[in-house]
Amino acid sequence: MAAPLGGRGAPHRPVLLRESIEFLAAERGGLFVDCTLGLGGHSEAILEASDNARVIGIDRDREAIASAVERLARFGSRFQAAHANFRELPAVLANAGAQSAGGVLVDLGVSSLQLDSPERGFSFQHDAPLDMRMNAGSEEATAAYLLASLPEEEIARLIFEYGEERRSRRIAKFIVAARERGEAIATTKDLAETVIRAIGRRPGDRIHPATRTFQALRIAVNQELEGLDQFAVTAIDLLQPEGRFVAISFHSLEDRIIKQTLRRLSGRCECPPRLPRCSCGARRAVEILTRRPVVPDEIEVAENPRARSAKLRACRKLPEQ
Ligand SMILES: C[S@@+](CC[C@H](N)C(=O)[O-])C[C@H]1O[C@@H](n2cnc3c(N)ncnc32)[C@H](O)[C@@H]1O
């Protein structure tokens, strides 16, 4: 089985690894797409499950690609990497000369490599420029840029929605007050201190007061929720009959998008009640294999606390009728 592989910090353990491989039915062999290659833990296990398995691994983080390519070199041409956004899946498949896949995996969110690399600005554990772009060095806006340019209400909205932070308005107010005083929030330390000034530390808090704000900004910077539903539809459309789609999410909004998309594609209408006609695109294309989301057991959470909020959902593509 795949061994944990470290970046510069804690070892990276692929989340729900055994379950992912089982739901992908990787032992069948054929072409799999790992849409969130990261350090290649899931890809490695897919390649080990069958000598006839091939993997195209996509990531928008060049550093992740480089680590995975090194790790998976022993599989030769059975593994291919693509630096892309997984929303470009059809183009990535076409570039590889493929039209369909036997399985697609997406393990959403951020990797340990990203969290533990101080200069990437994802974590308040290290002081660094407030960057947070998974596609580091690209033209995309950094977290510091968003905080310097968005209106206060928009900052409050994204901290509330993406961070599920009840005190989002107060945090946004402090951020905007700081920038109006000419004190730019340019580093992770600036942001963590501003959040603490806004909402304080409460005795008995299980998490750092800035945790939810950092999560919200990361999701906003990387536009993690935008088009996720359409991506899932596209990925399923690209599956061969009996192909598998497996999604691991770490945030309730992500999980809801995946759940509703799988339901619609299993034929269940997700329109609001009392609409005269279905307009949500419900059709019977898949069988859902996870009636409830699969979550890590206590042993996995004890070994890897970052797995604690993971939820896996999977489906099987039905033969065309
Ligand atoms: C949780 S990690 C994946 C870990 C991986 N399964 C492993 O076992 O090492 C998520 C990875 O997906 C990448 N990622 C997130 N959103 C992406 C997107 N829209 N397109 C491409 N890669 C993305 C991140 O850069 C990160 O490396």
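## Helix packing and ligand contacts

The model described here is predicted. On the side of helix 9, the contact is made by Thr188, Leu191, Ala192 and Val195, and on the side of helix 10 by Thr213, Phe214 and Leu217. Sorted by class, this contact of helix 9 with helix 10 holds five nonpolar and two polar residues, with no charged ones.

Helix 9 (residues 188-199) also packs against helix 8 (residues 168-180), with axes that come within 9 Å and cross at roughly 125 degrees. That angle makes helix 8 oblique to helix 9. Helix 8 passes helix 9 in a right-handed crossing. Helix 8 contributes Arg170, Ile171, Phe174 and Ile175 to the contact, while helix 9 contributes Leu191, Thr194, Val195, Arg197, Ala198 and Ile199. Seven of these residues are nonpolar, one is polar and two are charged. Leu191 and Val195 of helix 9 take part in the contact with helix 8 and also in the contact with helix 10.

A further pair is helix 11 (residues 228-237) and helix 12 (residues 252-265), whose axes come within 9 Å and cross at roughly 40 degrees. Helix 11 is therefore oblique to helix 12. The crossing of helix 11 with helix 12 is right-handed. Leu228, Asp229, Ala232, Val233 and Ile236 of helix 11 meet Glu254, Ile257, Ile258, Thr261, Leu262, Arg264 and Leu265 of helix 12. The residues of this contact divide into eight nonpolar, one polar and three charged.

The ligand is the next topic. There are 24 residues around the ligand, and His42, Asp59, Phe86, Asp107 and Gln114 come nearest.

| Residue | Part of the residue | Distance to a ligand nitrogen atom |
|---|---|---|
| Arg60 | backbone N or O atom | 3.2 Å |
| Asn85 | side-chain N or O atom | 3.0 Å |
| Phe86 | polar backbone atom | 2.9 Å |

How values were computed
Residues are numbered from 1 along each chain as its sequence is written. This is a predicted model: local features need pLDDT of at least 70, side-chain atom pairs count only at pLDDT 80 or more; totals for chains, interfaces and linings use all residues. Side-chain values use heavy atoms; hydrogens and water are left out. Axes are lines fitted to C-alpha atoms, for helices over the stretch in contact, and angles run from 0 to 180 degrees between N-to-C directions. Helices (H or I, at least four residues) and strands (E, at least two) are DSSP runs, numbered from the N terminus. Angles under 35 degrees count as roughly parallel, over 145 as roughly antiparallel, 65 to 115 as roughly perpendicular and the rest as oblique. A crossing is left-handed if the near helix is turned anticlockwise from the far one by less than a right angle, and right-handed if clockwise. Contact means heavy atoms within 4.5 Å. Ala, Val, Leu, Ile, Met, Phe, Trp, Tyr, Cys and Pro count as nonpolar, Asp, Glu, Lys and Arg as charged, and the others, Gly among them, as polar. A residue is near a molecule or strand if one of its heavy atoms lies within 4 Å of it. A polar contact is a pair of N or O atoms within 3.5 Å; within protein, one must be able to donate a hydrogen and the other to accept it, and residues adjacent in sequence count only if both atoms are side-chain atoms.
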